[in-house]
Amino acid sequence: PPDSSELLLSRRAFDLMDEDGDGFLTPDELTRAVLELKKRAGGAHTRDEVERLVQRMMLVGDSDGDGRIDAEEYRRLVRQPFPSDAQ
């Protein structure tokens, strides 16, 4: 099970991405967050590549199928291995 510092870090990351504070991450919020992270890390990913990544994140992370990722779904998503494009 995750320790309290891991849960706090996960929750803080979730809250930063949840732009409107509604308790859910939408595909648009995730796309903007990933684009910003890639930019800060010097990544050269295109918006199309990021949108494909977000689509995969939604498929894997949105366990209730409502088109959004809540805090618990996000915590589970970031704890599991994520398949690469090569798989």
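## T31 and its contacts

T31 touches R47, V50, E51 and V54, leaving aside residues up to four places away in sequence. This is a predicted model. T31 has its place in helix α2. Is T31 buried or exposed? Its relative accessibility is 5%, so T31 counts as buried. The cut-off for buried is under 20% relative accessible area.

## The chain as a whole

How many helices and strands does the chain have? The secondary structure comes to four helices and two strands. Along the sequence, these elements follow the pattern α-β-α-α-β-α.

The chain has 87 residues, and buried residues make up 24% of them. The accessible surface of the chain is about 6,000 Å². Carbon and sulfur atoms hold 53% of that surface.

## An aromatic pair

A pair of aromatic rings is described by two things: the distance of the centres and the angle of the planes. In this chain the count comes to one aromatic pair. The partners are F14 and Y74. Their ring centres lie 5.8 Å apart, with 55° between the planes. The pair is tilted. Why tilted? Planes under 30 degrees apart count as stacked and planes over 60 as edge-to-face, so 55° falls among the rest.

Which parts of the chain does the pair tie together? F14 lies in helix α1, residues 4–17, and Y74 lies in helix α4, residues 71–79. The pair therefore ties together parts that are 60 residues apart in sequence. F14 counts as buried, at 0% relative accessibility. Y74 counts as buried too, at 10%.

## A charge over a ring

The charged end of R68 sits over the ring of F24. The distance from the ring centre is 3.4 Å.

## The largest pocket

The largest pocket has a volume of about 220 Å³. Which elements give two or more residues to its lining? They are α1 and α2, the latter covering residues 27–40. Helix α2 gives the most, with six residues.

The lining residues include A13, L16 and M17. E19 and E29 also line the pocket. So do R32, A33, E36, L37 and R40.

Notes. Residues numbered from 1 in each chain as written. Predicted model: local features only at pLDDT ≥ 70, side-chain atom pairs only at ≥ 80, totals over all residues. Heavy atoms only, no water. Phe/Tyr/Trp six-rings, centres within 6.5 Å; stacked < 30°, edge-to-face > 60°. Buried < 20%, exposed > 50% of the residue type's maximum accessible area, 1.4 Å probe, protein only. Lys NZ or Arg CZ within 6 Å of the ring centre and 35° of its normal. Areas by Shrake-Rupley, 256 points an atom, 1.4 Å probe, with all protein chains shown as cover. 1 Å grid on protein atoms, 1.4 Å probe; cavity = no way out; pocket = protein on both sides within 12 Å on 5 of 7 lines; lining within 4 Å. Points joined across faces, edges and corners; volume = space filled by probe spheres on them. Contact = heavy atoms within 4.5 Å.
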